Structures are given as C-alpha cells and as structure tokens.
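Dear colleague,

I am handing over the structure shown below, together with an account of what was found in it. Please read the notes with the structure open beside them.

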Amino acid sequence: MKKLKLLIPLLVSVFFIIGLMPCTVYAEVSEKCAVYDYIDCFSSDERESLDLLIKGKAEEIDFDIAVVFTDQGPYIPDSYTDDEVSLITKEYADDVYDSLFVNDGYRGGIVLVVDYYHSFFSISTGLK
C-alpha cells in the first residue's frame, strides 16, 4: 500500500509533464480538397485516384487544395489585352476559391482553375 501511495503522485507528475510538452497539432483539411471535373475529361477511376492524391498531399502539407476543370469561366472578349484577361481570370479563380473554402475557416489553401473552353488557367490562394 505504501508503494502505491508513492506511485500515484509519480504517475500524476509524469502525465502532467507530458501534457505540458509541445506537440504539433494538425487540423483536418477540408473535405472539399478534390478534383472538380465539370467537363468530364477524366474517368471515374482517374478522378478517384486524383482525389486521393490531392487529399493526401493536402494532409501532408496541411493546406487545402482543389483543382477545377470547367468550360463555364467568365466571358472574355477577343479585344481584351493580356492584362485584362489576367485580371478577369484571377478574379474568377478567387470567386471559385471563396465558394469552396471561405466558410471552412481560414487555414490556407489553393485552387487551380482550368477553363478548357476559354483556354486559360488561373491560381487563387484566397489571399486578397
């Protein structure tokens, strides 16, 4: 009984010290980390494989990632300069980012938007 009385404070002290030790805590990445293939350029098996790859990389670097393939991007007249096209596509990518991740709480993320019809791609990190 005497040994048990000595052992209990020792165990409590060890657990208290372990509790004070710094440790890395990773939040879950968003469930929205995936490939969004709105133009059906991938088979379902390819899409599933890419989803797993993106989700795995997102968890590894603790950063939300999404890739969007679409043909419904913003209207871009032929008369626009490269700078105007760049601005419009960047704003569109920002809107896509906001629609995917903005309500998940800020944790950092990136969206790559590939517009097949208008032949552009743009990246948004959600940072303004």
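**The sheet**

Strand S2 (residues 64-70) and strand S3 (residues 109-115) run parallel and are joined by seven bridges. One of the residue pairs is formed by isoleucine 65 and its bridge partner in S3, isoleucine 110. Please note that the model is a predicted one.

S2 and S3 belong to an open sheet of four strands, in the order S1-S2-S3-S4, with mixed pairing. S1 and strand S4 (120-124) are the edge strands, each pairing on one side only. On average, neighbouring strands of the sheet are turned by 10° against each other, direction ignored. Helix H3 (residues 82-101) packs on this sheet and touches S1, S2, S3 and S4. The direction of H3 makes about 55° with that of S4.

**The hairpin and strand S4**

S3 and S4 run antiparallel and are joined by five bridges. Valine 113 has serine 122 as its bridge partner in S4. The two strands, S3 and S4, form a hairpin with four residues between them. In the turn, serine 119 has a positive phi of about 55°.

Valine 29 is located in the loop between helix H1 (2-20) and strand S1 (35-37). Its relative accessibility is 4%, so valine 29 counts as buried, the cut-off being under 20%. Valine 29 and phenylalanine 63 are 34 residues apart in sequence, and their C-alpha atoms are 6.7 Å apart in space.

Glutamate 48 is part of helix H2 (residues 44-61). Is glutamate 48 exposed or buried? Glutamate 48 is exposed, because its relative accessible area is 51% and the cut-off for exposed is over 50%. Between the C-alpha atoms of glutamate 48 and valine 35 the separation is 8.5 Å, and the two residues are 13 residues apart along the chain.

With kind regards

Terms used
Residues are numbered from 1 along each chain as its sequence is written. This is a predicted model: local features need pLDDT of at least 70, side-chain atom pairs count only at pLDDT 80 or more; totals for chains, interfaces and linings use all residues. Side-chain values use heavy atoms; hydrogens and water are left out. Buried means under 20% relative accessible area, exposed over 50%, partly exposed in between (1.4 Å probe, protein chains only). Two strands pair if DSSP finds at least two bridges between them. Axes are lines fitted to C-alpha atoms, for helices over the stretch in contact, and angles run from 0 to 180 degrees between N-to-C directions. Contact means heavy atoms within 4.5 Å.
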